[in-house]
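Open the model in your viewer and keep the sequence panel beside it. This tour tells you what to select at each stop and what you will find there.

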Amino acid sequence: MKIVAVRAYLQKMALKKPYTIAYNTFTDVSLAFLEIELANGMIGYGSGSPAEEVVGETTELTVANLNTEFVAKFVGRDIRHFHQMIFESNVEFPHLPGTLAAIDIALHDAFGKWMGISIASFYGQKMNALPTSMTIGIKGVDETIEEAKEYAAMGFKVFKVKTGLDVQEDIERIAGLYGHFGKDYTIRVDANQGYDLPALQQFLKATATFPLELIEQPLPVGQEPSLLALSSAERKTLTADEALKDAQAALQLAAGDQAFGIYNIKLMKCGGLVGAKEIATIAQNANIDLFWGCNDESIISITAALHMAYACPNTKYIDLDGSFDLMEDLVTGGFEVQEGCLVINNAPGFGFTKILK
């Protein structure tokens, strides 16, 4: 089946409410979209939402790349060769994961629709549903608890708390959450590189009596060797995020004494499903669990991440709440929320539908 058209564009979308992490505050997000149309009228949708401070790519650059002659030459090619086209895209756009993710996702979606099969089924679905965490930005103790109450009322029982500005306040927020919700709820922490080793050790000691599930990227990228000062049990709950951008980084972090027991895979860091699968395979062979994360993203890329997450046997955690933050989206469907768990619908491709305006 031949590709007959490609279309790329940028769309700015407001967030339902601003949120703060260790190095920024966000009120809206610009998303890149790519449509790949087949001769039978089917359209594959992709989206890019790279975090510039992590990967060095803006969504404006993503859209510019998607409007190049290279992508235009997809027209006339056979969708059955989508893996080869993804390979060529990686050669053309090295280290530009937002661009690569949009291309990768759109090609997968178009191929799955043409084949009449979901992408999770294509790669071999290993699980049906996992609970997603809902992210709480950096704010005071009372505000943190109030936001957690909102999520609990919606049926979510896993909270991911952003930390990294003030370790003592972070400790108080964690204590406040457990004091209010007890141990029936799961709490994860994302420090976004905000600690040094003494601050991390202080945080770990002060929260040792709480069943924290994991801690994402506590130290700045490049300081991973310092984490080897911690016990193996402590390191088992640490999650590589900003330090894990591609398969090469996955190999380096897996070698020897491992600083992290968990890998956070984001399609916007590794360039799509193919790059994600490479990291997942390395992690599986190194006995490292997978935690699938996101930026503020469209349902398009969130659903794509879910499909690959559920196709990997070492997936243990998901934090795919990015589309919940958007005031509007390009598509609907893709997955459902059932008692705090994300369930894909197994329709062809990624199973979402474009919203007609």
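**Stop 1**

The model on your screen is a predicted one. Select helix H8, residues 167–181, and show the side chains of arginine 173 and aspartate 170: the two are three residues apart in this helix, or about one helical turn. They form a salt bridge, and the closest N and O atoms are 3.9 Å apart. That pair counts because the cut-off for a salt bridge is 4 Å.

**Stop 2**

Now colour the strands. Strand E6 is part of an open sheet of eight strands with parallel pairing, and the order is E5-E6-E7-E8-E9-E10-E11-E12. Which strands form the edges? Strand E5 (134–136) and strand E12 (315–318) do, each pairing on one side only. Helix H13, residues 273–285, packs on the sheet and touches strand E10 (262–265) and strand E11 (289–292). The direction of helix H13 makes about 175° with that of strand E10.

Zoom in on strands E6 (residues 158–162) and E7 (residues 186–190), which run parallel and are joined by five bridges. If you display hydrogen bonds, remember that strands of a sheet pair through backbone hydrogen bonds, either parallel or antiparallel. Phenylalanine 159, from the ring pair above, stands opposite isoleucine 187 in strand E7.

**Stop 3: charges around the sheet**

Select Lys160, Lys162, Asp190, Glu216 and Asp319 together. Salt bridges link these five residues into a network. Then select lysine 157 and tyrosine 185. Lysine 157 lies over the face of the tyrosine 185 ring, 5.2 Å from its centre.

**Stop 4**

How many salt bridges does the model have? The count is 17. One of them joins glutamate 88 to arginine 77, with 2.6 Å between the closest N and O atoms.

Next, select aspartate 78 and arginine 80. Their side chains meet in a salt bridge of 2.8 Å, N to O. Aspartate 78 is buried, at 10% relative accessibility.

**Stop 5: aromatic rings**

The model has 18 aromatic pairs. Select phenylalanine 70 and phenylalanine 93: their rings are 5.5 Å apart, centre to centre, with 90° between the planes, an edge-to-face pair. Phenylalanine 70 lies in helix H3 and phenylalanine 93 in the loop between H4 and helix H5 (97–115), so this pair ties together parts that are 23 residues apart in sequence. Phenylalanine 93 is buried, at 4% relative accessibility.

For a group of rings, select Phe82, Phe111, Trp114, Phe122 and Tyr123, which ring pairs link into a cluster.

**Stop 6: one alanine**

Select alanine 249 in helix H11, residues 247–254. Alanine 249 is buried, at 11% relative accessibility. Leaving out residues up to four places away in sequence, alanine 249 touches Ala243 and Leu244. To try the distance tool, pick the C-alpha atoms of alanine 249 and tyrosine 317, which are 68 residues apart along the chain and separated by 20 Å.

**Stop 7: a hairpin**

Finish with strands E14 (residues 335–338) and E15 (residues 341–344). This pair is antiparallel, with four bridges. Glutamine 338 has cysteine 341 in strand E15 as its bridge partner. Strands E14 and E15 form a hairpin with two residues between them. In the turn, click on glutamate 339, which has a positive phi of about 55°.

Methods: Residues are numbered from 1 along each chain as its sequence is written. This is a predicted model: local features need pLDDT of at least 70, side-chain atom pairs count only at pLDDT 80 or more; totals for chains, interfaces and linings use all residues. Side-chain values use heavy atoms; hydrogens and water are left out. Buried means under 20% relative accessible area, exposed over 50%, partly exposed in between (1.4 Å probe, protein chains only). Two strands pair if DSSP finds at least two bridges between them. Contact means heavy atoms within 4.5 Å. Axes are lines fitted to C-alpha atoms, for helices over the stretch in contact, and angles run from 0 to 180 degrees between N-to-C directions. Rings of Phe, Tyr and Trp (its six-membered ring) pair if their centres lie within 6.5 Å; planes under 30 degrees apart count as stacked, over 60 as edge-to-face and the rest as tilted. A charge sits over a ring if NZ of Lys or CZ of Arg is within 6 Å of the ring centre and within 35 degrees of the ring normal.
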